[in-house]
There are 2 protein chains.
Amino acid sequence: MTRYALLAGVAAATLCAAAAASTPALADEGMWTFDNLPIEKIKADYGVTLDSKWLDDVRLSSVRLAGCSASFVSKDGLILTNNHCVLGCSSALSSEKVDYVKGGFRANLREEELKCPGQTAEVLLSITDVTDQIRKAGEGKAGEDFVKARDAAASAAEKAVCGDEANVRCQTISFYRGGQYKVYKFQRYTDVRLVFAPEQAIAFFGGDPDNFNFPRYDLDAAFLRAYQDGKPVQTKNFLKWNANAPKEGEVTFVVGNPGSTERLLTVSQLETQRDLTIPIRQLQSSEMRGRLIEYSKSGAEAKRTAGDALFGLENGYKVFYGRQLTLNDRAFMDAKRGQEAELRAKVKADPALSAKIGDPWADIEKAQVAVADNFLAYRQLETEAGGGSRLYGWARTLVRSAQERAKPAAERSADYSDAALARIERGLAAETPVIAPIEQMRLEHWMLKTREYLTVDHPGVKAILGKESPEALSARLVSDSKLGDPAVRKALWDGGLEALQASDDPMIKFVLATEGQGRALKKTWDAEVTAPVESAAERIAQARFAVYGESVYPDATFSLRLSYGKVAGWTHRGTTVPSMTRIGGTYERATGQEPFALPQSWIDKQSALNPQTVFNFTTTNDIIGGNSGSPVINAKGQVIGTAFDGNIHSLGGAYGYDGSINRTVVVSTAAITESLTKVYGMNSLVKELTGK
Amino acid sequence: MTRYALLAGVAAATLCAAAAASTPALADEGMWTFDNLPIEKIKADYGVTLDSKWLDDVRLSSVRLAGCSASFVSKDGLILTNNHCVLGCSSALSSEKVDYVKGGFRANLREEELKCPGQTAEVLLSITDVTDQIRKAGEGKAGEDFVKARDAAASAAEKAVCGDEANVRCQTISFYRGGQYKVYKFQRYTDVRLVFAPEQAIAFFGGDPDNFNFPRYDLDAAFLRAYQDGKPVQTKNFLKWNANAPKEGEVTFVVGNPGSTERLLTVSQLETQRDLTIPIRQLQSSEMRGRLIEYSKSGAEAKRTAGDALFGLENGYKVFYGRQLTLNDRAFMDAKRGQEAELRAKVKADPALSAKIGDPWADIEKAQVAVADNFLAYRQLETEAGGGSRLYGWARTLVRSAQERAKPAAERSADYSDAALARIERGLAAETPVIAPIEQMRLEHWMLKTREYLTVDHPGVKAILGKESPEALSARLVSDSKLGDPAVRKALWDGGLEALQASDDPMIKFVLATEGQGRALKKTWDAEVTAPVESAAERIAQARFAVYGESVYPDATFSLRLSYGKVAGWTHRGTTVPSMTRIGGTYERATGQEPFALPQSWIDKQSALNPQTVFNFTTTNDIIGGNSGSPVINAKGQVIGTAFDGNIHSLGGAYGYDGSINRTVVVSTAAITESLTKVYGMNSLVKELTGK
């Protein structure tokens with residue numbers, strides 16, 4: 001499962017194959033934007049011509065979810081994605097009485113489809129280049145002024161494209177690490193309902209142990225439906241369902257929103273990730289993992305509620321474990337050093353270019369000192385403040401939004417543009433469950449780690465704890481806060497700063513008293529890290545364009561991309577892994593014990609299922625987290641699967657693509673159709689998909 | 001708290017200041033052996049002459065405990081150490097009815113002193129150089145043969161020194177990373193009883209947050225007593241008690257057993273620690289920490305039993321966190337690279353030397369490839385197999401001892417020499433409690449991590465799990481095994497391999513079926529890592545002796561050392577930390593909430609205590625984990641405190657000493673005397689110490 005939220009502070013970058021800095025992208029490499037596709041190369045390599053009809057149809061059939069990808073697969077707004085992309089919804093709709101994560105969800109009638117709290121679906125309508133405006137806004141500015149001026153220019157650009165139009169969203173996205181800025185305009189659906197989700201035991205068969213490994217046997221697929229005005233959206237564009245599995249070597253396209261790659265960070269930035277930021281993340285994450293595992297043993301309800309948190313945590317842990325493996329690979333880092341040295345030498349050999357861009361690598365290395373000095377406090381008191389507690393998150397959102405709303409729009413940061421504030425308000429209004437024990441655990445863990453890493457005598461720690469212990473303070477905040485009630489949040493939103501300052505809600509009081517620490521640290525960070533690094537990265541981007549030309553693709557930025565490749569297994573250290581698994585193999589792998597215990601439905605229907613049906617398959621497509629749920633499309637533009645994972649080698653793809661071992665893992669439409677028919681009896685859904 | 005067990009596989013090494021490879025030890029630097037003390041330098045720096053009487057008296061008063069240091073402080077075998085060095089004893093003597101960890105332990109009469117299960121006390125009697133014998137044994141051999149031949153030579157050397165003498169122990173210890181081998185002969189006491197331990201709330205006031213930090217306010221002191229034939233040992237040599245705190249700048253000697261430093265590992269070895277071995281250790285440790293924290297919330301008994309495990313885990317975690325900080329310090333690593341390059345250049349410039357030693361740095365770097373290939377499996381299936389479960393440990397000890405006992409002595413590894421087997425038998429016979437839920441947690445965690453890191457399809461994982469889950473298998477093994485009963489263990493010991501093979505104890509069956517995986521991996525590890533690295537390290541040691549002479553001290557190897565220094569605070573990043581805290585400050589730091597809640601006794605007696613009494617103080621002595629409990633001695637040879645910690649900077653001391661910031665943290669005899677008198681009313685103990 002490759003879903004994860006976008007990383008804070010990760011900007012876009014130009015990309016170039018890790019193994020070959022000066023050559024164009026390798027075969028099958030690249031997450032290409034729709035306005036710069038390697039049409040000719042695809043034609044040459046696979047004999048497929050992607051014409052504008054094919055591309056428009058695919059783009060307008062592609063859907064962006066929060067942190068995931070998806071596609072329309074019927075004229076009635078039916079959406080195919082991964083089950084792990086709808087877990088938040090299944091979990092939110094569950095209660096002590098009914099567990100849709102464990103048991104799955106099946107709406108046989110439209111009226112049974114249930115709205116997913118807070119879920120949106122977005123379709124890319126247009127792309128507008130705004131590079132010049134953004135660049136100009138920052139010229140001659142530095143530090144916080146630089147960031148603010150650019151944020152303001154981005155807000156203005158979004159406003160110019162989206163205006164006051166209803167049901168659309170504009171977002172300024174950076175490409176080529178500041179080489180380009182574009183406004184992406186999306187059609188936006190805010191009423192998204194759950195149609196079908198399988199049992200977690202088959203959707204995530206093999207669980208964390210098999211995650212990012214292959215062979216796999218997972219029905220990690222689910223269906224949603226977009227509604228507008230209470231009715232299913234009528235979608236002109238949708239992907240035709242092909243229930244036949246592809247053949248070995250068949251061309252495959254993956255269209256979706258890869259979240260973030262960092263293929264062109266400098267060596268000093270990669271070393272900072274390797275030595276500081278990833279280790280701290282992983283250590284704290286591991287401890288929280290232990291707490292959730294142990295907590296989940298305390299009862300059935302605890303197991304259910306901890307499940308979603310644990311899934312996200314373990315998935316993210318493995319992602320960064322895989323990334324760290326690559327960063328700790330000496331050959332890989334040596335190759336990166338070689339590429340950097342080569343580009344620096346080429347720049348140095350060109351006096352005009354050299355004079356124009358200066359030495360951005362040295363500027364970035366200098367900023368790494370500021371990272372080392374500030375990271376722990378900035379992380380604990382700002383980016384990870386609250387440790388993922390929803391109550392804390394709402395409180396801080398209310399406080400910061402109110403502070404920003406008190407300013408004129410031009411002075412607000414882009415995070416609080418008018419459009420952003422509207423989204424924030426909707427988010428606060430959504431019915432989102434609060435699991436008190438997990439809330440308390442998250443807050444307590446955050447306070448404990450903040451005290452541990454910053455020490456007892458740090459002013460930020462003193463401000464948070466006073467004379468209370470993390471245990472007692474977190475318990476008091478969670479038990480006494482009323483922010484779990486959307487009506488309370490709405491009243492505080494409407495009342496603004498005055499209402500917040502008058503509030504006796506302990507979480508509001510706590511955040512009012514402590515969030516200033518984080519704000520001050522963010523100011524320092526923006527001035528000493530973000531601004532100099534962004535400026536330097538842009539200059540490196542310019543140097544790359546000058547030296548290597550523009551036939552490259554940008555780093556992933558959770559924006560719509562197309563990747564191409566083929567069905568293929570791989571060989572590593574002498575072991576060959578075939579590209580396909582079949583439904584029959586599932587029963588051989590099952591042990592009856594979690595996470596290798598099949599759901600009863602699959603046990604009951606074993607004899608009905610065709611054991612030869614292709615279940616999961618691997619392809620050479622270049623994807624990364626955020627691509628989860630992406631349709632896998634054949635040459636005819638038909639959907640033949642949904643991408644739900646990468647193999648363990650694909651995680652290093654954050655820093656570079658290796659076509660010999662990086663693989664996308666797909667659940668086939670063949671297996672989805674077979675199980676919808678034989679196991680779940682979802683005849684009307686199958687009819688909607690196949691016409692039969 | 002700096003206590004930790006010796007690291008597996010860590011050998012000794014010559015040492016040289018991290019910042020100055022070619023100069024002698026810096027001021028106050030060094031953990032000196034008693035047969036090579038810098039007498040002249042100490043005289044020059046501090047005006048103190050350490051004559052042979054002073055040195056013999058100090059050596060024969062010094063006591064080695066399991067993983068800790070200590071000293072005799074009365075003629076009746078009274079032993080001063082840290083409270084954290086007796087926690088294992090306090091915990092083992094506790095039950096659901098009485099908690100000696102939380103409440104402390106006070107024997108007012110000799111008859112009330114309670115025997116600590118498994119505790120031994122050792123006094124260094126003599127040192128015999130056996131370098132030539134060991135070297136010769138390995139000549140012309142490689143791989144496993146090399147290791148075996150040397151192990152056999154070491155066993156023979158020990159036998160030659162200790163013979164069949166009762167109550168002594170001989171141990172071959174490596175110095176200068178194979179530059180020297182010596183047999184240390186110890187007087188050995190196996191009846192060690194608990195006399196006094198304070199409440200954990202004051203012994204470890206500030207808990208993990210304050211651990212390795214300063215200012216500190218900890219009464220981390222305890223008393224044991226050595227017995228022989230049921231009577232207190234009459235000790236000719238013991239340290240005189242000085243109840244007055246030292247003055248700023250006063251000279252201090254620390255005598256004890258620093259466990260392990262790695263100041264002369266090569267850069268490639270340090271990188272392996274940084275990138276592979278420490279990260280994996282810390283990640284798994286963090287998850288276990290989260291489990292123990294969450295488990296400890298499930299009830300009072302769970303809190304008590306998890307406490308000891310959690311303390312050891314958190315202490316070890318911080319040790320490696322501090323070490324990792326140093327390894328991730330680019331300036332530090334660059335200095336190491338510079339030193340290595342300098343020595344290599346000097347060797348290269350000397351053709352005769354170069355021909356003799358070859359290129360051991362390249363040999364070690366090559367072995368790091370074998371480390372990378374084998375580490376995960378070797379760790380999970382051998383060095384960390386069982387995850388710290390006592391039942392597993394006993395079972396494996398029984399199985400492997402029986403396998404080895406079936407061989408002639410000459411063919412056994414040193415771990416199973418006759419002397420070692422006698423110790424193993426005693427260990428198995430000791431009454432050691434088994435806490436079933438924690439046993440199960442450790443086993444389950446180990447199985448989960450082994451499956452995760454090696455993947456489901458690894459043969460070692462398949463052997464361990466079969467068709468069972470880690471959860472079910474660990475529960476079954478713990479609930480059904482009878483190995484918690486010493487009589488059962490004794491019967492299996494006496495019955496040997498035959499009894500083990502006939503046993504239906506599930507843990508014995510499990511270990512018999514699975515331990516071969518680890519044994520095979522150890523064989524590969526010894527051949528591809530241990531042997532070539534040891535051989536190369538010896539050649540580097542020879543190169544160092546040739547280039548820099550012999551006026552250096554060896555890396556720590558949990559053998560008796562003397563370090564010298566003075567009472568001093570430090571300044572770091574503009575902040576000055578004074579060298580002393582006073583009892584009055586304890587009451588200001590207290591919050592009433594753990595771990596800043598004082599015990600009732602200290603609350604009750606606040607007015608009786610002199611607030612000006614020096615509580616803890618810092619010195620420049622060069623120490624490391626294993627030194628915990630070491631006496632801190634003044635120029636007259638009197639004890640003025642017991643070392644219980646280092647500051648956070650001292651942890652990097654594993655790789656190099658920095659006299660400007662590395663500090664030892666000491667609890668003063670002044671505070672011990674004051675609290676024994678005013679808080680605990682231990683008048684007879686005070687009289688034994690002071691004569692008053």
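The model is predicted, and local features are reported only at pLDDT of at least 70, side-chain atom pairs only at pLDDT 80 or more, whereas totals for chains, interfaces and linings use all residues. Residues are numbered from 1 along each chain as its sequence is written, and chains are lettered from A and ligands numbered from 1 in the order in which they are written.

The predictor assigns the complex an ipTM of 0.86 and a pTM of 0.86. Where pLDDT is low, the predicted coordinates should not be read in detail.

Chain A is divided into domain 1 (32-120 + 190-263 + 555-690) and domain 2 (267-548), with bounds that come from an automatic or database domain assignment. The C-alpha centres of domain 1 and domain 2 of chain A lie 30 Å apart, and 19 residues from domain 1 of chain A meet 19 residues from domain 2 of chain A in the contact. On the side of domain 1 of chain A that touches domain 2 of chain A, helix 3 (87-93) and helix 4 (100-103) of chain A each supply at least two residues, and helix 3 of chain A gives the largest share, four residues. Helices (H or I, at least four residues) and strands (E, at least two) are DSSP runs, numbered from the N terminus.

In chain B, eight strands form an open antiparallel sheet in the order 1-14-13-19-20-21-18-17, where strands pair if DSSP finds at least two bridges between them. Strand 1 and strand 17 (580-582) of chain B stand at the edges with a single partner strand each, so one side of each is left without a neighbour in the sheet. Strand 14 (residues 561-566) of chain B is largely enclosed by the rest of the structure, because five of its six residues are buried, that is, have 20 or more other C-beta atoms within 10 Å of their own, C-beta atoms being placed from the backbone. Two bridges join strand 14 of chain B to the antiparallel strand 1 (residues 32-33) of chain B, with B:Thr33 opposite B:Arg561, while six bridges join strand 14 of chain B to strand 13 (residues 251-256) of chain B, also in the antiparallel sense, with B:Phe253 opposite B:Tyr564.

Notes:
A residue is buried if 20 or more other C-beta atoms lie within 10 Å of its own, exposed if 12 or fewer, and partly exposed in between; C-beta atoms are placed from the backbone. Two residues are in contact if their C-beta atoms, placed from the backbone, lie within 7 Å.
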